[in-house]
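Please open the structure in a viewer and keep the selection tool at hand.

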Amino acid sequence: MSAAVRPRLAVWKFSSCDGCQLTLLDREDELLAVAEAVEVAYFLEATSGVVEGPYDVSLVEGSISTPHDVERIQEVRAASKVLVSIGACATAGGIQALRNFADLDELASIVYAHPSFLSALDTSTPIADHVPVDLELRGCPIDGRQLLELIGAVLAGRKPVLPAHSVCVECKSAGNVCVLVAHGEPCLGPVTQAGCGALCPRYHRGCYGCFGPMESAAPESLAPALASVGLDEADQGRLLRTFNGWAPPFRAASTVRLPDPRRRTT
Amino acid sequence: MTDALVTTAAFDALLGALADDGRRVIGPRVRDGAVVLDDLDGVADLPVGWADEQSPGRYRLRRRDDDAHFGFTTPSTSWKPFLHPAREVVFRARLDGAGFEVTPPDAPEPLAFIGVRACDLAGIAVQDRVLGGGRFVDAGYAARRSDVFVVAADCGESGPTCFCGSMGTGPTATTGFDLAVGERLGDEPRFFVRIGSARGAALLERVEHTPATEADRADARAAAARAVAGQSRSVAAGEVAGLLARNLEHPRWDEVAERCLACTNCTLVCPTCFCTSVEDSVDLAGTEAVRSRRWDSCFTLDFTALGGAPVRGSVRSRYRQWLTHKLSTWQDQFGELGCVGCGRCLTWCPVGIDLTEEVAAIGATDGAENPGGTPS
């Protein structure tokens with residue numbers, strides 16, 4: 001592949017912590033291969049050198065949480081051939097979508113000395129709520145192997161292998177002992193999308209759903225199992241409402257379990 | 001000679017002899033709060049003094065008040081991961097000038113399975129017919145399976161999720177093993193060893209053993225009878241295929257779909273479920289490709305995705321597909337049922353869906369249909 005025809009890669013940040021972008025930089029063994037395969041045209045986390053668009057592939061990290069975000073994502077979309085939203089913020093609104101269940105003014109008054117300087121939307125929402133998204137990578141943060149698979153697939157013009165089934169598939173394939181059944185550990189694996197390699201269960205921790213809802217996720221069906229290992233309704237709601245609480249299946253199941261603070265606001 | 005007694009030390013020597021022959025010796029051992037199947041260095045690695053408590057959706061280990069090596073029921077996994085692994089390379093390919101060079105997968109290592117339960121022997125036999133028999137033999141499976149040395153372990157007790165008695169697969173191994181051991185506890189612990197093949201007999205000759213007596217055989221028969229008597233669950237193996245076939249619109253399918261997570265655990269722990277998907281990966285330079293095959297499940301949407309949409313979109317249709325294949329259409333396809341009564345799908349279902357209970361519920365209202373029908 002000659003340098004002249006390398007596809008242009010851009011990495012964009014919206015409301016986020018940068019952890020997903022760093023996942024790319026963390027792939028130290030493959031980073032040179034990535035740099036050979038694509039022209040890193042816009043990636044402020046890695047380089048201040050900026051190449052003008054348009055871009056062949058844009059990786060978009062972060063959620064839409066300010067009026068400025070709303071405008072900027074349109075520009076990114078217009079400049080991008082393939083737009084990939086990466087991470088729980090970009091695909092579901094992220095942790096900051098907790099505000100969607102609360103009163104922004106009240107929260108801001110608690111957190112900031114001078115909230116009047118803020119210019120924020122009432123909600124934190126995924127990229128796909130604002131512009132068409134071609135592909136998404138789940139996770140908080142995303143998985144480095146999935147990111148490389150996605151870049152490789154886009155370069156080869158094929159569909160990336162990003163299964164939407166449960167984390168349980170990865171646990172059973174790895175030979176992990178089920179932490180929910182054998183240890184009584186609350187685990188969202190049966191309703192959460194695979195891709196992390198069952199990272200937490202591998203270390204005897206329950207899955208907390210950072211990859212968001214799997215295909216046909218059924219958190220209501222999982223609730224009796226969570227209750228049987230000692231998680232009351234409110235705890236079930238909080239577990240579902242951590243990283244991907246605004247994703248519809250988790251939102252619905254958590255909303256019936258947690259009182260809405262806005263209703264309590266006086 | 002068809003049987004013999006060996007001491008624990010002699011049984012240990014027997015495992016050593018298998019390793020000396022260049023085999024990877026695999027058997028039950030305790031890891032992460034469960035009996036798993038993994039490499040054994042000797043009998044001390046077995047779950048000595050451990051028992052398991054299994055019920056739908058729940059598994060716990062507990063200490064026994066003796067030093068039984070096989071005092072548990074079914075290990076958390078079947079032997080499937082060793083014969084039909086979760087992921088295997090089909091081939092590797094490398095760009096080589098104008099063409100490409102294909103490398104087949106590595107040859108498998110010879111295996112010895114220690115402590116295979118009768119239900120799991122039956123499960124292996126089912127996969128032998130599915131993957132190793134018929135017109136299309138799975139080459140990888142056949143290569144791994146061809147030379148496995150099998151030491152079965154008869155069950156002296158059953159767990160609450162066991163129903164091998166009703167499926168006719170256990171608790172005593174009758175075929176498909178080189179040696180079968182039954183454990184005799186007490187002041188002079190011994191393993192009662194039955195010989196199932198010529199190479200089993202040859203291996204036994206390499207370790208110290210004494211002749212078994214009629215009393216030892218009677219003890220083994222009594223243990224098997226106790227194990228069967230301890231089973232509270234059952235499936236009417238002779239009737240279930242017809243029952244499910246004529247109840248495809250039964251309202252129970254809707255009811256179980258409300259509880260089912262479609263998480264795939266039942267299919268992945270099942271010793272007979274064999275479905276896979278094929279994945280291709282290419283390195284970033286586009287010069288090295290790997291085609292691999294991984295476990296899939298009739299519970300995933302991708303599994304029936306055709307033309308961009310799944311054929312079985314509802315959980316109802318996916319659960320029904322699984323149960324009717326296992327207990328009904330498997331018979332049409334392979335001439336036997338696809339269930340061996342090991343009970344793992346009950347234990348390892350996070351919400352404890354019990355196959356025997358679902359079958360019983362349909363049987364109790366045989367012929368019932370939803371008024372107006374249900375979309376499949």
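The stops below concern domains, a pair of helices, a cavity and a pocket in a predicted model.

**Stop 1: the domains of chain B**

Begin by colouring chain B by domain. Domain 1 comprises residues 3–85 + 108–229, and domain 2 comprises residues 240–275 + 296–364. Between the C-alpha centres of these two domains of chain B the distance is 28 Å. Their contact draws 28 residues from domain 1 of chain B and 27 residues from domain 2 of chain B.

**Stop 2: two helices of chain B**

Next, select helix 9 (residues 252–259) of chain B together with helix 11 of chain B. Their axes come within 8 Å and cross at roughly 110 degrees. Angles of 65 to 115 degrees count as roughly perpendicular, so helix 9 of chain B is roughly perpendicular to helix 11 of chain B.

Show the side chains where the two meet. Helix 9 of chain B contributes Trp253(B), Asp254(B), Val256(B) and Ala257(B). From helix 11 of chain B come Val315(B), Arg316(B), Tyr319(B), Arg320(B), Leu323(B) and Thr324(B). By class, this contact consists of six nonpolar, one polar and three charged residues.

**Stop 3: the largest cavity**

How many cavities of 30 Å³ or more does the structure hold? There are nine, and the largest cavity has a volume of about 140 Å³. To find the largest cavity, select Cys260(B), Cys266(B), Tyr319(B), Cys349(B) and Ile353(B), which lie nearest its centre among the 16 residues of its lining. Helix 10 (265–269) and helix 11 (315–334) of chain B are the elements that each give two or more residues to that lining. The lining of the largest cavity has 14 nonpolar residues, two polar ones and no charged ones.

**Stop 4: the largest pocket**

Finally, move to the largest pocket, which holds about 800 Å³ of space. Select Arg145(A), Val161(A), Glu170(A), Arg87(B) and Glu279(B), the closest to its centre of the 28 lining residues.

Which elements give two or more residues to the lining of the largest pocket? In chain A they are helix 6 (144–156) and helix 7 (167–174); in chain B they are strand 13 (276–282) and strand 14 (288–295). Helix 6 of chain A gives the most, with five residues. The lining of the largest pocket comprises 10 nonpolar, eight polar and 10 charged residues.

Now colour domain 1 (3–156) and domain 2 (167–258) of chain A. The largest pocket lies between these two domains, because both give residues to its lining.

Note on methods: Residues numbered from 1 in each chain as written. Chains lettered and ligands numbered in written order. Predicted model: local features only at pLDDT ≥ 70, side-chain atom pairs only at ≥ 80, totals over all residues. Heavy atoms only, no water. 1 Å grid on protein atoms, 1.4 Å probe; cavity = no way out; pocket = protein on both sides within 12 Å on 5 of 7 lines; lining within 4 Å. Points joined across faces, edges and corners; volume = space filled by probe spheres on them. Helix = DSSP H or I, 4+ residues; strand = E, 2+ residues; numbered from the N terminus. Nonpolar A, V, L, I, M, F, W, Y, C, P; charged D, E, K, R; others polar. Domains from an automatic or database assignment. Axes fitted to C-alpha atoms, helices over the stretch in contact; angles between N-to-C directions. Parallel < 35°, antiparallel > 145°, perpendicular 65-115°, else oblique. Contact = heavy atoms within 4.5 Å.
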